[in-house]
Amino acid sequence: MKQVFLNAHSLEESLRILFERLRLSSCCTLQHEIVKVQESLGRITASPVFAKYSSPFYHSAAMDGYAVKFVDTITASEKSPLHLKLNHDAVYVDTGDPLPAGFNAVIMIEDVNLSGNYIEIYNSVTPYQHVRTIGEDIVATELIIPENHKIRAIDIGAMLASGILDVTVRKKPVVAIIPTGSELIEPEEIRQRQPKPPEIVEYNSAMLAGLAEESGAETIRFGITKDSPEIIKKTIKDALKISDIVIVNAGSGRGSEDFTLSALKELGEVLVSSISIKPGKPMIIGFVNDKPVFGIPGYPVSAFLTFELFVKPVIARLLGTTIKENEVIEAILSRQISSQLGVDEYIRVKVGVVDGKYIATPAGRGAGLLMSVVRADGFISIPSSSEGYTSGSKVKVQLFRDIDEIKNTIVCIGSHDNSLDILANILKKNYPELSLSSAHVGSMGGLMALKKSEAHIAGTHLLDDKTGEYNVPFVKRLFPEGGIALINLVYRQQGLLVKKGNPKKILGFKDLSRDDVIFINRQSGSGTRLLLDKHLRDSGISPQEVKGYEKEEYTHMAVASAVLSGIADAGLAIYSSAKALGLDFIPVASERYDLAIPLRFMETHLIQMLLNIIRFDNEFREFVLSLGGYDVRDMGKTLFL
């Protein structure tokens, strides 16, 4: 039977409980090993490293020239040059050569004249001029690097230079990862066949292993473990024999096939069985055989977040290191976010700099939306005592990306189009320092973002009922003072998407009112939504007659996916999304899709590089055409100024 989450611990309380128990654990005793210095990059020193030899360990020439005794040169001057006999008073040396015994200075080769068996010099020299003296760089017994230091490439050079060949480092904690779920299949299987429902390609363990290795651990991945209490218990026991930390992925909830909690209760102790965070509530913290065992949720965003919050700090503790904190900036929130009281919620956001202000735009909230993390620049946290933030609020953002990358990001908010993804890729390819960040809030939302100085550009395809013109009437109404340019990106085909073969024989908008047809809509304020509403009015159909009218998606590909998966029988979207997923397409309209750009940004480096691609890059143009349903006749043209 399904169980419910009771007595969820707060984040702070859960961390306190974990580390109090860890402090008492034998696994917390820091272990060490000896490795070759050449193989020590990135390892953590377990003891200080002192120089064995001085570097250099002999006096050596710092320049090509002649070794001399400085006292022999005292009388040399421009008016009275001094002649020193070769191989007696002066000996030729190359850079790095040992200084001959009794000699204590070097004259650069360009400062002498050769005259038979003599050199002629014009200036006296000082003691040890152009000489690298013993210990100039490193003195024997000098501290090279301290304990708990992460070894860098330059440290390796210093250790070898001072005669150190082996170094004592912390042993890497071994993290065992156990993916569970009878529905899972190994990634290699999809080389031979396409997955079938309810199969899911198992990818969390690869992500978790990468996170663990980035944190300084070694990983062991067990094969997929079926949903069986006995098999899960046996696998945990096997993992404990060869690891310091065990992660059981999925099965931490309270469903009928979730056995992690009961397995840990039987094998050892459960300290925390759920945590009041979102995503990641069904997180389990336990100890078996005095080693930490984590039951991490199966949803990928939950798995990512709970690893960062709980497993990563434990790895750091076993290595004797601290975690480098993400850079935190203050940003203005572009959209309102509501949150549930009593839960600490973590929201992924896209970030850019507009008019000198950091702007944060939510990138998706679902625990299964892995791409929301891939695309995110950072996250904001909403404390359990808050119901959320209003639009325009100042929020603290913990960044995933470097601040310089954020400053070189073009912020695009508005209507979605598949060509934007292509544009972002070509931009990154041609100008690696630049990025295009797009948030899909609809055409009207994009224009409002420009009005509030929250974006550099906005994608828009708003059709004005009265004039039949795209975009211009809306820009004139919202920006009566002007200052906005409309640059055409594409013309594109909009139409009704239906399953291959059109099993329900949907021919047009009138069919959307049928009892057996379920529709999937776009969000309010999007150009596609306005186009739908216009056609419904023209057909005499009220929104209430359309089943699924209230069900919204934010992109054309999401609409196409809903139709393909059977969530809906029809949706309104662009042709390229139908082509991408093999759906049938019923043309409705050809529409103009423009980029609205404030004139004050037009001459900036960011926008100029973007426009260079739109106007002149044949690869971009040809790629867009290959998607299908696009006309690029005006691509890059200024259609309104």
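Helices (H or I, at least four residues) and strands (E, at least two) are DSSP runs, numbered from the N terminus. The model described here is predicted, so local features need pLDDT of at least 70 and side-chain atom pairs count only at pLDDT 80 or more, while totals for chains, interfaces and linings use all residues. Residues are numbered from 1 along each chain as its sequence is written, and side-chain values use heavy atoms, with hydrogens and water left out.

Ser54 lies 80 residues away along the chain from Ile134, yet their C-alpha atoms are separated by 6.6 Å. Setting aside neighbours within four places in sequence, Ile134 is in contact (heavy atoms within 4.5 Å) with Ser54, Pro56, Phe57, Tyr58 and His59.

Two further residues belong to helices. Thr260 is part of helix H5 (residues 260-267) and is buried, with a relative accessible area of 0%. Not counting residues up to four places away in sequence, Thr260 touches Val248, Ala250, Gly251, Ser252, Ile284 and Gly295. Arg537, in helix H12 (residues 527-538), is exposed at 52% relative accessibility. Between Arg537 and Ser55 there are 85 Å in space, C-alpha to C-alpha, and 482 residues in sequence.

Next comes a pair of helices. Helix H15 (residues 605-616) packs against helix H16 (residues 618-627) at an angle of about 60 degrees, and their axes are 6 Å apart (axes are lines fitted to C-alpha atoms, for helices over the stretch in contact, and angles run from 0 to 180 degrees between N-to-C directions). On the H15 side, the contact is made by Ile613, Ile614, Arg615 and Phe616, and H16 contributes Asn618, Phe620 and Arg621. By class, these residues are 4 nonpolar, 1 polar and 2 charged (Ala, Val, Leu, Ile, Met, Phe, Trp, Tyr, Cys and Pro count as nonpolar, Asp, Glu, Lys and Arg as charged, and the others, Gly among them, as polar).

On a 1 Å grid over the protein atoms alone, a cavity is a set of points where a 1.4 Å probe fits but cannot get out, and a pocket is an open set with protein on both sides within 12 Å along at least five of seven lines; lining residues have an atom within 4 Å of a point. Grid points are joined across faces, edges and corners, and a volume is the space filled by probe spheres set on the points. Searching the whole structure gives 1 cavity of 30 Å³ or more, and the largest cavity holds about 40 Å³. Strand S24 (344-354), strand S25 (357-362), strand S29 (409-414) and strand S30 (435-440) each give at least two residues to its lining. Among the lining residues are Lys350, Thr361, Cys412 and Ser438, and the lining has 6 nonpolar, 4 polar and 1 charged residues.

The second largest pocket contains about 1300 Å³ of space. Of its 37 lining residues, Ala363, Met371, Ser372, Arg375 and His440 are the closest to the centre. S30 provides the largest share of this lining, with 6 residues. The pocket lining comprises 16 nonpolar, 12 polar and 9 charged residues.

Technical notes:
Buried < 20%, exposed > 50% of the residue type's maximum accessible area, 1.4 Å probe, protein only.
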